[in-house]
Each structure stands twice: as structure tokens, then as C-alpha cells.
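Here's a quick tour of some ring contacts and a couple of loop residues. Have the structure open as you read.

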Amino acid sequence: MIIKYDKDTGKMYSAIFGQDDNWTAEMMTDWETKHSGEGCVKITNGDMALKYYNSSSNDMQNWTDFSLSQNKTTLTSNGTDYIEFTSVPEDTKIYVDTVLVGTMDSSGTYRMSCTDSGTYGILFKKYAYEWHYVEALANDNF
């Protein structure tokens with residue numbers, strides 16, 4: 001089978017069955033060139049549920065779930081109020097509204113604050129982990 005995956009985390013997002021003979025190594029390289037940060041490989045058919053692609057062993061392995069805690073889901077958009085996430089594993093990439101805002105340090109604590117009201121999407125990504133996504137609602141302080 002052919003799988004397409006995120007190179008940063010190993011998260012597989014597409015599987016193509018029965019096309020192994022049709023996809024050449026050159027075709028996969030061309031595909032990767034056109035899709036920055038994404039990989040495309042042939043692997044042996046097998047269980048894909050709750051798995052990520054391990055490029056070192058060229059197989060699917062069980063992912064780890066994030067065990068994050070957050071103190072609330074709504075904040076005031078005044079630049080000083082924040083939502084605190086704890087138990088964030090070191091080297092986790094954190095995105096707010098699809099923009100990378102940083103990589104978690106050894107403290108394991110991330111504080112999200114804002115100055116504009118609205119809904120924010122917060123995504124945590126780490127190799128061998130299932131992505132963790134939450135939304136936060138920021139309100140003006142009237």
C-alpha cells in the first residue's frame with residue numbers, strides 16, 4: 001500500500017491500496033517535492049488504526065495520546081488573561097490558527113493569550129503522537 005503522511009509527526013492521512021506496482025520511486029519523490037513537509041512511501045499492508053508511520057523502521061506503530069490539561073476554554077481578549085495548558089511534552093509544536101507559535105520547552109506549560117476577540121484553533125503536534133486540537137473563545141471585556 002502507498003501511504004501519505006506528515007513528516008514532522010508521522011501522522012498518516014491517506015492510504016492507497018492496490019497501487020503499489022503503479023507508483024515508482026521517482027513518482028513518490030516527485031510527489032514529496034510538490035508537497036513540502038509530507039512523505040509518501042510504500043509499506044506492507046497492515047493495521048493502520050491509531051498508528052503513525054515510523055520512517056526509521058518503515059512501518060506503522062502505535063501512537064501516543066496527549067494528556068494535556070487546560071484551566072479553561074474562554075478568555076478575555078485583553079492581552080493579560082490566558083488559557084494555561086500543562087503537561088505538554090517537550091518539543092511539541094504549537095499552532096494557533098494554523099500558524100506555528102513555538103515549540104514546547106521542558107517546562108511543559110503553554111499559556112495562550114490574545115488581544116482580538118474570536119475563536120482560536122490551537123493544535124499540538126509531536127512526532128509519534130496523535131494531534132491534539134482544541135478551540136478557545138476570546139471575548140472583549142465590556
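## Tyr pair

A residue counts as buried when its relative accessible area is under 20%. Tyr 53, at 3%, is therefore buried, and Tyr 5 goes the same way with 8%. Keep in mind that this is a predicted model.

How many aromatic pairs does the structure hold? There are 7. In one of them, Tyr 5 and Tyr 53 sit 4.6 Å centre to centre with 50° between the planes, a tilted arrangement. This pair bridges distant parts of the chain: Tyr 5 belongs to strand E1 and Tyr 53 to strand E4, 48 residues apart.

## Phe pair and its cluster

Phe 66 and Phe 124 make another tilted pair, with centres 6.4 Å apart and planes at 55°. Phe 66 is in the loop between strands E5 and E6, while Phe 124 is in strand E12, so the pair ties together parts 58 residues apart in sequence. Phe 66 is buried at 10%, and Phe 124 is buried at 0%.

Both rings also belong to a cluster, linked by ring pairs, with Phe 85, Tyr 110 and Tyr 129.

## Lysines over Trp 131

Lys 11 lies over the face of Trp 131, 5.1 Å from the ring centre. The charged end of Lys 125 sits over that ring too, at 4.4 Å from its centre.

Lys 11 comes from the loop between strands E1 and E2. With 19% relative accessible area, Lys 11 is buried, since the cut-off is under 20%. Its contacts include Tyr 5, Tyr 52 and Glu 130.

## Gly 79

Gly 79 is in the loop between strands E7 and E8 and is partly exposed at 36%. Beyond its sequence neighbours within four places, Gly 79 touches Ser 113, Cys 114 and Thr 115.

Terms used:
Residues numbered from 1 in each chain as written. Predicted model: local features only at pLDDT ≥ 70, side-chain atom pairs only at ≥ 80, totals over all residues. Heavy atoms only, no water. Helix = DSSP H or I, 4+ residues; strand = E, 2+ residues; numbered from the N terminus. Buried < 20%, exposed > 50% of the residue type's maximum accessible area, 1.4 Å probe, protein only. Contact = heavy atoms within 4.5 Å. Phe/Tyr/Trp six-rings, centres within 6.5 Å; stacked < 30°, edge-to-face > 60°. Lys NZ or Arg CZ within 6 Å of the ring centre and 35° of its normal.
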